[in-house]
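Reader: I am new to reading protein models. Could you walk me through one, feature by feature?

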Amino acid sequence: MIRSELEEVVGEEYISTRESDRLVYATDWFWLPQMWLDRGAQPTLPDFIVHPGTAVEIAEILKIANTYRIPVVPWGGGSGSQGGAAPVFGGIMLDVKRLNRILEIDETSLTVTAEAGINGSVLEWALNEKGLTLPHYAASANCATLGGYLAPRGSGTISTKYGKAEDMVLRMEIVLPTGEIIRTPHVPDHAGGPDYFHLFLGSEGTFGVITEATMQVDYLPEARLLRAVLFQNLGHALEAGRQLMTRRLSPFVIRLYDPASTATQVKKVLGYEMDGAYMVMGFDGDPDIAALQEQKSLEICLGLGGQDLGREPGEKWWDHRYHFYYPPNGLHFPWMYGTTETVTTFDKLEKLYWAQKRAVEETYADWNVNYIGHFSHWFHWGASLYSRFIIPEPPQEAEEAIRLHNRIWDTAITAVLANGGIINEHHGVGLKLSRFMRRQYGPAWPMLERIKKSLDPNGIMNPGKVGF
Amino acid sequence: MKQMIDNAIATLENCRFCLMCRHVAPVGMVTNQEALTPHGMALLVTSQPRGLVAWNAETVGIVFSEVDGGNSRAHCATDQPFEEAMAAARAELVAQGLASTAVTQLHAHLQQWQNPYQPQLPQPATGVAQVALFAGDEAAYLWPDTLPAVLKLLSAVGMEVVGVGHGRNNGLFAHSAGFPDLAAQLWQATLDELASVGAKQLLLLSAGDYYAFNGRRGGFSRPVSASARVSPADFIEVTDLLAERLAAGEIAFRKTEDETPWAYVDPTHAVRVPERHERVRGLVTAVMPTPPRELFWRKDRAQPVGSTYIQFSNPPLAERLTRARLQDARDSGAQLLLCEDPATLHHLNRYAGEYGLRVQGLYELLAERVSSEQ
């Protein structure tokens, strides 16, 4: 009966209960369901996979889900690493990839309006044809969708100059859990009342489904200057990054690898064998301005003991920046792994790094845990620490592996929260970090729960995620 | 076979949780279905030995929906031979007798007639020449105006050639469908013919033919006849040869007076031969009087039409792929589509009228406009 009602909305062609589809939609990029599949165990499967073509169809689907109290999990590219798209309670998998049209490119205001299911790289190619770019260069762009950029508050490689995805969005169309379709005001920066707009950024499908967005775009830069500097002292490197940011030298990227990452990741992908902390910085736009910014930045780095490695290592990093995530370079089975990334202010940043590193390495030394990190998304006030743990030989028994996995996460996040960090900078909360939300928000958490209850009275939207 | 399957599984173990080529993966793009993305297909194949899925009509059908156009590998940062791995998976399914009736019938037809299109054996090669032209089955049966046009063009540059493989599949088709032994026989038959006519150079009509005989990437190995005296450098696409002769002033074309908005359609398998993208465009602009429209899915991101083996294993999907190209062409503003690949032309032409588009063979156009004064 439910299937036939869904078919009436989207048509028979756009709904599936096939075995193969249900299996493939059972996991996003979260280690846990992938591990489950790797071990030959079946994670929870969705009951229906539905491919709506319009916001109106999504509204109708949500009304059906409310009638039958069926969970609905929005699905874009499935590239999330947090289990945000995992159908932990079954229900309807709402694949929005048919909403993939570019509706308008405004070359006067420099905006693009597109449906939320459009693929990130396809959108970027379309903009490039007009000399434009959406400066959200996510490593997942080849698979992620526009809605997937926004829903978990993603950051891309050049966020240090251009901001997070949420800083680029002007307006969104959202289908609320109860089926109403709303459009946020034309622009986000105004004094026309409370800012409900940002409530949906970071809600990861728990407050509704983003179906359309207008994004700020930029001209493709005339110049991109990249350079690498090697520091023997991580603290000095962090100070260099702080000075670049607080002096407003506008790097589009600062990627600072800790010595462990330099020795492993940088060596594996770029082929450089170096001791120390490898830092890439980049400047773009007008060639003269970029060159001056680079010169001033290099002076700061050299003054703090950095060794100028020149342009080639920086450019090589840029050319291979996503290769760190492709097989066989990326994280893979049979390893156990997790990206315990966080963000904090400059005054706490180095202390947080050492605290998390020490906590993970000392607590799980018996498992030969590897802890690596880099600092990748910088703000005027601080930066993100993109840290990872890797256990090369985890327990073979799945339940035991999960218990160890969760203990490591407890350790890592406890260190984060005790040292002024936020539980996540850009991957989102999903299922993985859901249990830490109450600890992070404290007395504010019940307020968020009340908002959730008000928007989604039957709790159908992506249950189990973002703490809800 | 076992080594091939082991290599395939190793590749698919890499691909099963990698999502990085889906922006160019044709079937996932036109269907929006996760199971039909490279990640989904790889996850499915690697889940079967883990006991998570069983081979049945549904799951086997997915494996035989991978188009083998080369897009995933062309965009893989670490050069994973995804398409070749999927072909090996299909070979395993064929060997286990699990392929569909349509695939089994395709195998029988290819085996009996050496082509999938007509119940007719290849024409034997006759004559002796330094240069041979692989006529193949697609030019013979799908776009027969190709061959006379190409012979006229080659004559214009002073080349006399002997046709080989007239009516025979280039082997790639059989390889894609999961018939590696049959593919090897087809390749060998053409290479033997090449040796028999004494040719040292083999001209090829399309990117697919070129890839079939001169694929330089490791995962797709093919036998080279000891009797054939050609080296990889001696496999040449006709478009490349003409572009070279055009640049050298050895051939010239009169521009047409037709100002219909036009676009060149990169054929199926074009992404496997990236060096051809600009060369062939140089050839087309020599004869067209107006600047081209360009499809969005072009050059290194060109998508295939439904001209690979999937036209038999999954005809509706083949049609969707072809229609997606036509829609892209219409969106570009073009009204006339040019291409040299007989198979791509045939498939585009089946539905072009529904999109207000006209399809013309590039070789025929060039042959019409070749200048007698050089």
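Reader: What covers the buried residues of α13(A)?

Author: Helices (H or I, at least four residues) and strands (E, at least two) are DSSP runs, numbered from the N terminus. A residue is buried if 20 or more other C-beta atoms, placed from the backbone, lie within 10 Å of its own, exposed if 12 or fewer, and partly exposed in between. Two residues are in contact if their C-beta atoms, placed from the backbone, lie within 7 Å. Here the cover of α13(A) includes α9 (234-246), β17 (342-345), β18 (370-378), β19 (382-391) and α14 (398-418) of chain A. Among the buried residues of α13(A) are A:L349, A:L352, A:Y353 and A:Q356. This is a predicted model: local features need pLDDT of at least 70, side-chain atom pairs count only at pLDDT 80 or more, and totals for chains, interfaces and linings use all residues. Residues are numbered from 1 along each chain as its sequence is written, while chains are lettered from A and ligands numbered from 1 in the order in which they are written.

Reader: Why do the end C-alpha atoms of α13 of chain A lie 26 Å apart?

Author: The expected span of a helix is 1.5 Å times one less than its number of residues. Helix α13 (residues 346-363) of chain A has 18 residues, so it should span 26 Å, and the distance between its end C-alpha atoms agrees.

Reader: Which residues of domain 1 and domain 2 of chain A are in contact, and how many?

Author: Domain bounds come from an automatic or database domain assignment, which gives domain 1 (2-95) and domain 2 (102-219) among the domains of chain A. In chain A, 14 residues of domain 1 are in contact with 19 residues of domain 2. On the domain 1 side, α4 (55-68) and β3 (72-75) of chain A give two or more residues each, and α4(A) has the largest share, 6 residues.

Reader: And how many residues of chain B are in contact with chain A?

Author: 26 residues of chain B are in contact with 30 residues of chain A. α3(B) gives the most to the chain B side, with 4 residues.
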